[in-house]
Amino acid sequence: MALGLNAATPEAACADPNCPFHGELSVRGGVIEGQVASTDMDKTVVVEREYDVTVPKYDRLMKRRSRVSAHHPPCLDVEVGDTVRIAETRPLSKTKSHVVIDTKEDEG
């Protein structure tokens, strides 16, 4: 258990200063769970999560989607379609304020 977030420390060490396990990056704030939508950028993944919003006029639920860019430390193996947990950090770039802390592969 590392970081106080019930996330196991990866066995493979990395030299990334922005790794919450092997570097100096501290995590704070919220934790989000979602699916990896893109791994095309260097050291960055796009995590997508779906949630329901109530539409009062029709008394129904509508699906919404949000996409969050997160730092991908080299000690974690992440592929498109994996379910990951990301934690909030200080701003790392213009669009990145989260880091991947845990991963679990999807079944199916």
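From the N terminus on, the elements of the chain run β-β-β-β-β, and the count is 0 helices and 5 strands, where helices (H or I, at least four residues) and strands (E, at least two) are DSSP runs numbered from the N terminus. This is a predicted model, in which local features need pLDDT of at least 70 and side-chain atom pairs count only at pLDDT 80 or more, while totals for chains, interfaces and linings use all residues. Residues are numbered from 1 along each chain as its sequence is written, and side-chain values use heavy atoms, with hydrogens and water left out.

Along its principal axes, the C-alpha trace of the chain spans about 55 × 30 × 30 Å. Of the 108 residues, 35% count as buried, a term that stands for under 20% relative accessible area, with exposed meaning over 50% and partly exposed in between (1.4 Å probe, protein chains only).

The pairing of the strands (two strands pair if DSSP finds at least two bridges between them) can be followed along the chain. Strand 1 and strand 2 pair in the antiparallel sense over 3 bridges, and Ser38 stands opposite Val46 in strand 2. These two strands form a hairpin with 5 residues between them, and Lys43 in the turn has a positive phi of about 60 degrees. Asp40 also has its place in the loop between strand 1 (27-38) and strand 2; Asp40 is exposed, with a relative accessible area of 73%. The C-alpha atoms of Asp40 and Val80 are separated by 9.6 Å, although the two residues are 40 residues apart along the chain.

Strand 2 is also joined to strand 3 by 12 bridges, and these two strands run antiparallel, with Arg49 standing opposite Ser66 in strand 3. Their hairpin has 4 residues between the strands, and there Asp59 takes a positive phi near 55 degrees.

What, then, lies in the largest nonpolar core, and which of its residues touch the most other members? A nonpolar core is a set of buried Ala, Val, Leu, Ile, Met, Phe, Trp, Tyr and Cys residues joined through side-chain atoms within 4.5 Å. The largest one has 19 residues, of which Phe21, Val45, Leu76, Val78, Val84, Ile86 and Val100 touch the most other members. Strand 2 (44-55), strand 3 (60-71), strand 4 (83-89) and strand 5 (98-104) each supply at least two residues of this core. Leaving aside its neighbours within four places in sequence, Ile86 is in contact (heavy atoms within 4.5 Å) with residues including Val31, Val47, Val68 and Val100.
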